[in-house]
Amino acid sequence: MRQCMDMTNLHRRLRKIRGQVEAIDRMVEEDIPCEDLLSQINAAKSALHKCGQIVLEGHIQHCVKDGIAHGDAEKTVEKFTKAVERFANMG
């Protein structure tokens, strides 16, 4: 997996998401209005979705291309289909 994606970018995004989730937790304690809380939850969810896009893109660029070129194309397509299904279910 490491060769599939820009790990520095992914780690940076995940650290930001951790900060967002910690801020959301503080907001709960501070009795922030529900609308504001939901807005921040949605922002964190969108950021996680973008991480999923980065992982899926890396999977396509490395694993899928390599699997088709040097491996079993049918099995590669099967694995890719499972990856897309998992990503689609993130919503």
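Which residues does Thr76 touch, not counting residues up to four places away in sequence? In this predicted model, local features need pLDDT of at least 70 and side-chain atom pairs count only at pLDDT 80 or more, whereas totals for chains, interfaces and linings use all residues. Residues are numbered from 1 along each chain as its sequence is written, and side-chain values use heavy atoms, with hydrogens and water left out.

Thr76 lies in helix H3, helices being DSSP runs of H or I of at least four residues, numbered from the N terminus. With residues up to four places away in sequence set aside, Thr76 touches Cys63, Val64, Gly67 and Ile68, where contact means heavy atoms within 4.5 Å. Thr76 has a relative accessible area of 11% and is therefore buried (under 20% relative accessible area, with exposed being over 50% and partly exposed in between, for a 1.4 Å probe and protein chains only).

Helix H2 (residues 34–70) and helix H3 (residues 73–88) pack at an angle of about 175°, their axes lying 10 Å apart; the axes are lines fitted to C-alpha atoms over the stretch in contact, and angles run from 0 to 180 degrees between N-to-C directions. H2 is therefore roughly antiparallel to H3, a term that applies to angles over 145 degrees. On the H2 side the contact includes His49, Leu56, His59 and Ile60, and on the H3 side it includes Lys79, Phe80, Ala83 and Phe87. The residues of this contact comprise ten nonpolar, six polar and one charged, with Ala, Val, Leu, Ile, Met, Phe, Trp, Tyr, Cys and Pro counted as nonpolar, Asp, Glu, Lys and Arg as charged, and the others, Gly among them, as polar.

The largest pocket holds about 250 Å³ of space; a pocket is an open set of points on a 1 Å grid, where a 1.4 Å probe fits, with protein on both sides within 12 Å along at least five of seven lines, and lining residues have an atom within 4 Å of a point. Of the twelve lining residues, Gly52, Val55, Leu56, His59 and Ala83 are the closest to the centre of the pocket. H2 gives the most to the lining, with five residues, and the lining as a whole divides into nine nonpolar, two polar and one charged.

Ala47, also found in helix H2, touches Ile17 and Gln20 when residues up to four places away in sequence are not counted. The C-alpha atoms of Ala47 and Lys16, 31 residues apart along the chain, are separated by 8.6 Å. In the loop between helix H1 (7–29) and H2, Asp31 has a positive phi, near 60°, and is exposed at 68% relative accessibility.

Methods
Helices (H or I, at least four residues) and strands (E, at least two) are DSSP runs, numbered from the N terminus. Angles under 35 degrees count as roughly parallel, over 145 as roughly antiparallel, 65 to 115 as roughly perpendicular and the rest as oblique. Grid points are joined across faces, edges and corners, and a volume is the space filled by probe spheres set on the points.
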